[in-house]
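This report is meant for a reader who is meeting the structure for the first time. Please keep the sequence and the 3D view at hand while reading.

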Amino acid sequence: MVSTNYAPEHAGIGPYATQIAEHWADLGHDTHVLAGMPHYPSWSLEPEYKGALRRTERRAGVTVHRRAHTVPARQTAVKRALFEGSILLHGTVAPPRMPRPDAILAQMPSLAGGVVAARLAARWKVPYVPVVQDLMGAAAAQSGISGGDKAAAIAGRAEAYALRRATLVGVIHETFVDRVVGMGVDPERIRLVPNWSHVPSPTKPRAETRHHLGWAPDQRVVLHSGNMGLKQGLEVLVGAARRDPDVRFVLMGDGSQRAALAEMSADVPNLDIIPPAADGEFPDILAAADVLAVTQHAAVLDMSVPSKLTSYFAAGRPVVASVAAQGGTAQEVERSGAGVLVPPEDPDALLKAVRALTEDPEAADALGAAGPRHVAAHLSREAGLARIDALIDEALGGHRP
């Protein structure tokens with residue numbers, strides 16, 4: 001596997017890459033991962049990896065080959081290009097020293113990882129299968145990153161290079177298909193491999209967790225968990241918090257926009273920014289909130305479906321999605337039956353939905369209960385890993401499921 005993000009990273013794509021690789025190792029396969037140095041979602045290098053150019057380690061039966069790269073604290077097109085370029089350079093000049101594999105799976109993004117994986121597969125003459133988690137060309141155009149138009153064109157060419165050379169292409173959502181086809185990929189080679197819920201169900205009583213967090217029993221709490229980047233458009237939560245001091249808004253996580261959000265909300269006493277939760281506490285903190293929020297800029301349509309949704313659904317709390325109605329995130333929330341949609345970048349609409357749910361606990365509980373049912377029916381880890389296994393089996397010459 002080639003995946004810039006990998007354990008100990010606990011958010012975004014890292015947990016999926018880790019669970020796939022460890023699953024293969026558990027099945028007895030000699031599993032290797034070409035990864036970056038742990039840095040996400042804080043976009044700061046983990047202390048124990050500082051100064052390391054290359055490192056090989058064993059994690060849960062998986063051999064992980066790490067290569068150094070830049071870690072831009074602030075996201076601009078130029079800095080993102082340097083990040084991708086450093087991954088491409090180091091992965092090309094120092095590929096993993098290992099036996100010839102049977103197949104290579106790449107988690108995209110990163111773009112550079114996809115290109116490296118395609119080149120390694122060509123060198124070893126083995127099947128190459130990228131799984132598209134985000135569309136980086138569209139992301140550059142839609143996320144509001146500085147210099148995004150030029151970055152989108154460059155990213156789109158790199159993305160097309162990596163995808164056209166694939167034996168099969170996995171996509172995590174059907175809204176990605178048209179763009180992938182537009183890059184020159186035969187639609188007959190595209191397979192849908194949705195992500196799964198990679199966290200366990202909550203175990204502690206909500207009241208106990210709320211007490212631990214300092215949330216009063218009668219306080220209305222809206223929680224956003226995950227990356228604090230440009231595409232999330234978290235300013236809408238700051239705006240909603242300003243409008244109603246009786247609702248507590250909590251942003252839990254890290255990311256390139258954390259400092260800017262902290263500065264923006266310095267005079268908003270009912271908005272808290274807290275660090276990412278420890279893995280063992282994460283499900284219970286999600287379940288302790290009254291409402292879980294997912295937000296995106298209005299321009300974000302078909303390039304990303306937040307991985308946090310699977311965790312939100314498993315937590316059993318209602319979701320308010322401040323996202324474009326025609327995008328993949330909105331489709332997933334509607335498909336789950338576990339939340340409501342509001343127009344993106346509209347703090348009044350978001351606050352209205354939050355108030356409606358917190359003032360009608362029965363309706364909120366009914367929406368929340370739909371999430372675990374959806375996870376059990378469609379998003380279990382077993383089903384997700386089976387889809388990945390089927391993708392690799394087919395690429396190796398098996399029959400299409």
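What follows describes a pocket, some backbone features and one aspartate in a predicted model.

**The second largest pocket**

The second largest pocket has a volume of about 550 Å³. Its lining is made up of 26 residues, and those closest to the centre of the pocket are Trp24, Asp30, Pro101, Asp102 and Ala103. Two or more residues of the lining come from each of the strands β1 (32-35) and β4 (104-108) and from each of the helices α3 (111-124) and α15 (381-395). When the lining residues are divided by kind, 17 are nonpolar, four are polar and five are charged.

**Backbone features**

| Item | Feature | Angle |
|---|---|---|
| Met108 to Pro109 | cis peptide bond | omega near 5 degrees |
| Pro109 to Ser110 | cis peptide bond | omega about 15 degrees |
| Ala60 | positive phi | near 50 degrees |
| Glu345 | positive phi | about 60 degrees |

Pro109, which takes part in the cis bond from Met108 and also in the cis bond to Ser110, is found in the loop between β4 and α3. Ser110 likewise has its place in the loop between β4 and α3, and both β4 and α3 are among the elements that give two or more residues to the lining of the second largest pocket.

Ala60, which is a residue other than glycine and yet has a positive phi, is placed in the loop between β2 (54-59) and β3 (62-67). Glu345, also not a glycine, is placed in the loop between β13 (339-342) and α13 (347-358). Is Glu345 buried, partly exposed or exposed? Glu345 counts as partly exposed because its relative accessibility is 47%, which falls between the limits of 20% and 50%.

Asp244 lies in the loop between α8 (235-243) and β9 (247-254). Its relative accessible area is 6%, so Asp244 is buried, the cut-off for that term being under 20%. A polar atom of the Asp244 side chain lies 2.9 Å from the backbone nitrogen of Asp246. Which residues does Asp244 touch, not counting those up to four places away in sequence? Asp244 touches Arg220, Asn270, Leu351 and Arg355.

Methods. Residues numbered from 1 in each chain as written. Predicted model: local features only at pLDDT ≥ 70, side-chain atom pairs only at ≥ 80, totals over all residues. Heavy atoms only, no water. 1 Å grid on protein atoms, 1.4 Å probe; cavity = no way out; pocket = protein on both sides within 12 Å on 5 of 7 lines; lining within 4 Å. Points joined across faces, edges and corners; volume = space filled by probe spheres on them. Helix = DSSP H or I, 4+ residues; strand = E, 2+ residues; numbered from the N terminus. Nonpolar A, V, L, I, M, F, W, Y, C, P; charged D, E, K, R; others polar. Buried < 20%, exposed > 50% of the residue type's maximum accessible area, 1.4 Å probe, protein only. Polar contact = N/O pair within 3.5 Å; in protein donor to acceptor, adjacent residues only side chain to side chain. Contact = heavy atoms within 4.5 Å.
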